Amino acid sequence: MLLTGGHVHDSVPAAGLIDGLRAEFVLADKAYDAERLATQIIEQGSIPVIPSLSNRRIQRVYDKHIYKERHLIECFFCKIKEFRRIATRYEKLAATFLTMVAIASCLIWLR
């Protein structure tokens with residue numbers, strides 16, 4: 001998202017990443033507060049759980065209890081980055097990187 005002169009521009013690269021995503025909720029932090037992204041999430045049948053930036057005139061309503069669960073995702077990323085192959089993106093192919101993420105996830109789960 002680009003912020004210029006206090007205005008939010010809807011050039012959000014995340015819109016392409018979630019294209020076709022099926023989920024009940026889509027959680028993101030304030031950096032992803034863009035109307036185009038929220039509209040896309042709703043059109044895909046999901047509920048956006050994205051707090052508004054403080055300078056937005058009309059604050060978006062979101063479920064604060066669900067947003068609090070976002071820390072679990074952040075903690076997972078922190079744990080998965082303990083694996084050097086993942087933190088340094090040693091694997092060059094997406095398929096092998098995804099496999100390493102799956103293996104690391106299993107190892108974390110077995111702890």
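This is a predicted model: local features need pLDDT of at least 70, side-chain atom pairs count only at pLDDT 80 or more; totals for chains, interfaces and linings use all residues.
1. Overall make-up. The chain has 111 residues, and 28% of them count as buried. Six helices and four strands are found in the chain. Read from the N terminus, their order is β-β-α-β-α-β-α-α-α-α.

2. Surface and contacts. The accessible surface of the chain is about 8,200 Å², with 62% of that belonging to carbon and sulfur atoms. When contacts between residues at least 6 apart in sequence are taken together, 35% of them join residues at least 24 apart.

3. The largest nonpolar core. Nine residues make up this core: Ala14, Ala15, Ile18, Val26, Ala28, Ala34, Leu37, Ile41 and Ile50. Two helices, H1 (14-17) and H2 (35-43), each supply at least two residues of the core.

4. Ile50 and its surroundings. Ile50 belongs to the largest nonpolar core. With neighbours within four places in sequence left aside, the contacts of Ile50 include the residues Val26, Ala28, Leu37 and Ile41, which are also listed in that core. Ile50 is also in contact with Asp29, Tyr32, Asp33, Arg60 and Tyr62.

5. The largest pocket. This pocket holds about 410 Å³ of space. Its lining consists of Leu17, Leu21, Leu27, Ala28, Asp29, Tyr32, Arg70, Ile73, Glu74 and Phe77. By class, seven of the lining residues are nonpolar and three are charged, while none is polar. Helix H4 (residues 70-80) gives the largest share of the lining, with four residues. Ala28 is part of the pocket lining and is also a member of the largest nonpolar core.

6. Arg70. This residue lies in helix H4 and is one of the residues lining the largest pocket. Is Arg70 buried or exposed? Arg70 counts as buried because its relative accessibility is 18%, and the cut-off for buried is under 20%. Leaving out neighbours within four places in sequence, Arg70 is in contact with Leu27, Ala28 and Asp29.

7. Where the points meet. Ala28 is in contact with Ile50 and with Arg70. Asp29 likewise is in contact with Ile50 and with Arg70.

Note on methods:
Residues are numbered from 1 along each chain as its sequence is written. Side-chain values use heavy atoms; hydrogens and water are left out. A nonpolar core is a set of buried Ala, Val, Leu, Ile, Met, Phe, Trp, Tyr and Cys residues joined through side-chain atoms within 4.5 Å. Buried means under 20% relative accessible area, exposed over 50%, partly exposed in between (1.4 Å probe, protein chains only). Contact means heavy atoms within 4.5 Å. On a 1 Å grid over the protein atoms alone, a cavity is a set of points where a 1.4 Å probe fits but cannot get out, and a pocket is an open set with protein on both sides within 12 Å along at least five of seven lines; lining residues have an atom within 4 Å of a point. Grid points are joined across faces, edges and corners, and a volume is the space filled by probe spheres set on the points. Ala, Val, Leu, Ile, Met, Phe, Trp, Tyr, Cys and Pro count as nonpolar, Asp, Glu, Lys and Arg as charged, and the others, Gly among them, as polar. Accessible areas come from the Shrake-Rupley method with a 1.4 Å probe; for residues, only the protein chains shown count as cover.
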